Amino acid sequence: MQHLRRPRTLLAAVAVVAAGLGAGVVPTASGAEGGATGSDDSVKEDAPPTFEEFAAATHRDDLGLYIVNGDEALSDRAELRAYYDRMMADSGKGDGSTSLIVNQGPSGDDLWSSSQAGNLTYCISDEFGTDKATVAAAMEEGAAMWEAEASSIDFVYDETADADCTTSNDAVLFPVEPTDDTSFIARAFFPSSPDSEMNVLVNAESLVSSGWAPSNIMAHELGHTLGFRHEHTRPESGTCFEDNNWRPLTPYDSVSIMHYPQCNGGSDDLTFSALDAEGVKSVY
């Protein structure tokens with residue numbers, strides 16, 4: 001499940017299945033909470049950390065084990081080096097790969113079929129009440145960012161399903177539902193997610209008070225529904241590592257809409273970048 005964290009309350013990132021956006025507390029290479037809000041001038045945005053820098057930033061538990069991806073233990077420095085080397089080998093830096101990275105499912109790229117991509121139906125729950133119009137506008141504008149770059153993508157709002165807008169409603173591919181959870185702004189899913197987890201949850205109050213444009217927030221979440229991972233999990237970001245279960249579609253892009261601003265990002269408002277456009281066109 002992908003979670004968009006609040007700018008002031010970023011929690012530890014855990015494995016592939018969580019994506020959020022926040023700030024204030026930034027995960028280190030280990031996924032543990034630490035560091036300061038905003039970019040770190042000591043980390044170059046265009047260069048990955050050295051192994052020594054990575055090792056120094058990786059949390060060690062009471063037994064001295066290195067903890068990566070939030071909950072995976074590596075017994076010694078040699079295992080940590082092997083993990084680092086795998087991440088660097090898979091990063092796509094310098095190999096001519098053509099920012100976006102796509103999640104890897106059991107059979108490869110975690111993407112929709114061309115027919116399904118052209119009919120990504122959703123509803124917006126009536127339970128949003130007076131906030132529903134705000135959420136609907138943000139969804140429409142966020143979807144339009146992806147649709148404008150890839151003609152095969154079409155997010156289709158079916159308002160006839162709004163009264164029963166849940167994962168059990170087979171009339172739509174996914175529902176957009178409200179949440180009272182204030183630890184994140186919104187959270188989404190990947191194409192390979194089970195049906196019971198295939199929804200977008202939104203804290204409407206946080207959506208309008210986060211400091212980011214609501215349309216950009218929802219475009220970030222819809223990027224996950226298309227199969228795109230957090231850009232900052234790439235070693236080049238220098239922080240906020242999650243895992244290496246992804247394939248690069250473009251060179252590293254610090255201003256990608258899929259890159260947390262507080263994870264050494266180059267944009268402060270989740271702007272849609274030229275490389276985002278290039279990446280989505282390459283797979284849809």
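1. Strands 6 and 7 make up a hairpin, with two residues between them; helices (H or I, at least four residues) and strands (E, at least two) are DSSP runs numbered from the N terminus. The pairing of strand 6 (residues 101–105) with strand 7 (residues 108–109) is antiparallel and runs over two bridges, where two strands pair if DSSP finds at least two bridges between them. Gly105 has Gly108 in strand 7 as its bridge partner.

2. On the basis of the note: this is a predicted model, in which local features need pLDDT of at least 70 and side-chain atom pairs count only at pLDDT 80 or more, while totals for chains, interfaces and linings use all residues. Residues are numbered from 1 along each chain as its sequence is written, and side-chain values use heavy atoms, with hydrogens and water left out.

3. Strand 6 also pairs with strand 13, again in the antiparallel sense, over three bridges. Here Val102 is placed opposite Arg247 of strand 13.

4. There are two disulfides in the structure, a disulfide being a pair of cysteine sulfur atoms within 2.5 Å. Counted along the chain, the bonded cysteines follow the pattern 1-2, 3-4.

5. In the disulfide of Cys123 and Cys165 the sulfur atoms are 2.1 Å apart. The torsion about this S-S bond is about 100 degrees, so the link is right-handed. Cys123 belongs to strand 8 (residues 120–124) and Cys165 to the loop between strand 9 (155–157) and strand 10 (174–178), so the pair ties together parts 42 residues apart in sequence. Both Cys123 and Cys165 are buried (under 20% relative accessible area, 1.4 Å probe, protein chains only).

6. Cys240 and Cys263 form a disulfide with an S to S distance of 2.0 Å. This link is left-handed, with -80 degrees about the S-S bond. Cys240 sits in the loop between helix 6 (214–225) and strand 13 (246–248), and Cys263 in the loop between strand 13 and helix 7 (274–283), 23 residues apart. Cys240 and Cys263 are buried.

7. The largest nonpolar core has 42 residues, of which Trp146, Phe174 and Val176 touch the most other members. Such a core is a set of buried Ala, Val, Leu, Ile, Met, Phe, Trp, Tyr and Cys residues joined through side-chain atoms within 4.5 Å. Helix 4 gives the largest share of this core, seven residues.

8. Beyond its neighbours within four places in sequence, Trp146 is in contact with residues including Leu100, Ile153, Phe228 and Val280 (contact: heavy atoms within 4.5 Å).

Notes:
Buried < 20%, exposed > 50% of the residue type's maximum accessible area, 1.4 Å probe, protein only.
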